[in-house]
Amino acid sequence: MIYFDHNATSPMHPAARQAWLEAVEKFLGNPSSPHRVGSRADAALSEARQKLASFLGCDALDLVWTSGATESNNMTLHHFASSLDGGSVVWLSAVEHPCVLEATKHYFPRRHQFIPVTRSGVVDLDWLREAMAKERPGAVAVMAANNETGVLQPWREVLTLCREHEVPLFCDATQWIGKLPAAGLGDCDFVSGSAHKFGGPKGVGFLKCPAKGRVEPLLRGGMQEEGRRAGTENVAGVLAMMAALEVREAALSEARTEDGKWKMEKGREAFEKRMLATLPGAEVVGANAPRLWNTVSALMPEANCQSRWVVKLDKLGFAVSTGSACASGKEEPSHVIAAMGYSPAEAGRVLRFSSGWETAEEEWSALLRGLIKVYRGIRDR
Ligand code: PMP
């Protein structure tokens, strides 16, 4: 099987697997236990926290270990709900992940405002600038990179605006971290990440939140994580996550080509060019925006093709997606594609191909051959 669904989840990197196996043997204690077995586990967590803080550029105390980005994102919205003034409105980009979207709707049912995106899927900075000059939101949520389209969001510019207006910025960096350098993200007030998107295990992630302000826990109970998240920490999961992130950050530091592109981009670039030339009506979503080097979201030639294409490609040995894994299975067209101004029929034609660090250029070529084969089968029927 050739796997083109890394935005849904990525296989464990051998270094992460090794770190996990070592950790379950070496750090068997509960990090909260007062004896030395517990202290050793606690010390390992502290070291991991320090490492992550240095990648993000924040204080180690700002970091809370969680079960993944869904929890981190829910925790952030829960915190906003309990800490912002009664009338505060949360502004969120129209292309946020369902776990940000649904948590916002839950905690702020009548007090949220969508920040529009352009046809390319980028947050409309002019809109935001003008709107913030008139009104001050309680908090702003803009993700770093979109899971469906790979489109990068101008979080640095949004951060500058938020600083000017003294508004906290929450950045879901789940798809960015491990694919692009994490440096600088720690400047945002709240940042979430998830290990399984970059070669760590599933079920572990983190939230960067301001250590100096009190953060309202979503999970109550023990005093773990400075009282910000009750529950015994997933020590092996955290250490495996950090082993994977170290591998990715080291690779990123050597992955720029002379023209400022990423080495990993080559296979995808050739794939896009050839796909557009061979499949009539094919279109790359967000083609004019800066995107993650691994993602292609594309309109396929035939209408209502999503599941048919996915099943046919699966039979040919390719795992691809109809959008985000969390959204697939739902009948409604993706809110992300809709926010970019595509019609429901167009949104129904979108497939997502997302490669991984280890994907070879030849695999992109093989995918294109698979697409052409499926297209011919559908066309000639
Ligand atoms: N945010 C984004 C942007 C994502 O892509 C995902 C995973 N699809 C999540 C949040 C949720 O992450 P997790 O699987 O760790 O709960």
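How far is an oxygen atom of the ligand from an N or O atom in the side chain of His 196? I looked this up in a predicted model. The distance for His 196 is 2.8 Å.

**Ligand site**

I listed the surroundings next.

**Helices α3 and α4**

I took α3 (residues 69–83) against α4 (residues 98–107). Their axes come within 9 Å and cross at roughly 25°. Angles under 35 degrees count as roughly parallel, so α3 is roughly parallel to α4. The crossing is right-handed. On the α3 side I noted Ala 69, Thr 70, Asn 73, Asn 74, Leu 77, His 78 and Ala 81. They meet Cys 99, Val 100, Ala 103, Thr 104 and Tyr 107 of α4. This contact holds seven nonpolar residues, five polar ones and no charged ones.

**Helices α9 and α13**

I repeated the check for α9 (residues 266–278) and α13 (residues 361–380). Here the axes come within 8 Å, crossing at roughly 20°. That makes this pair roughly parallel. The crossing of α9 and α13 is right-handed. From α9, the contact residues include Phe 271, Arg 274 and Met 275. From α13, they include Glu 361, Trp 364 and Leu 368. By class I have seven nonpolar, three polar and four charged residues in the contact of α9 with α13.

Notes
Residues numbered from 1 in each chain as written. Predicted model: local features only at pLDDT ≥ 70, side-chain atom pairs only at ≥ 80, totals over all residues. Heavy atoms only, no water. Axes fitted to C-alpha atoms, helices over the stretch in contact; angles between N-to-C directions. Helix = DSSP H or I, 4+ residues; strand = E, 2+ residues; numbered from the N terminus. Parallel < 35°, antiparallel > 145°, perpendicular 65-115°, else oblique. Left-handed = near helix turned anticlockwise from the far one by under 90°. Contact = heavy atoms within 4.5 Å. Nonpolar A, V, L, I, M, F, W, Y, C, P; charged D, E, K, R; others polar. Polar contact = N/O pair within 3.5 Å; in protein donor to acceptor, adjacent residues only side chain to side chain.
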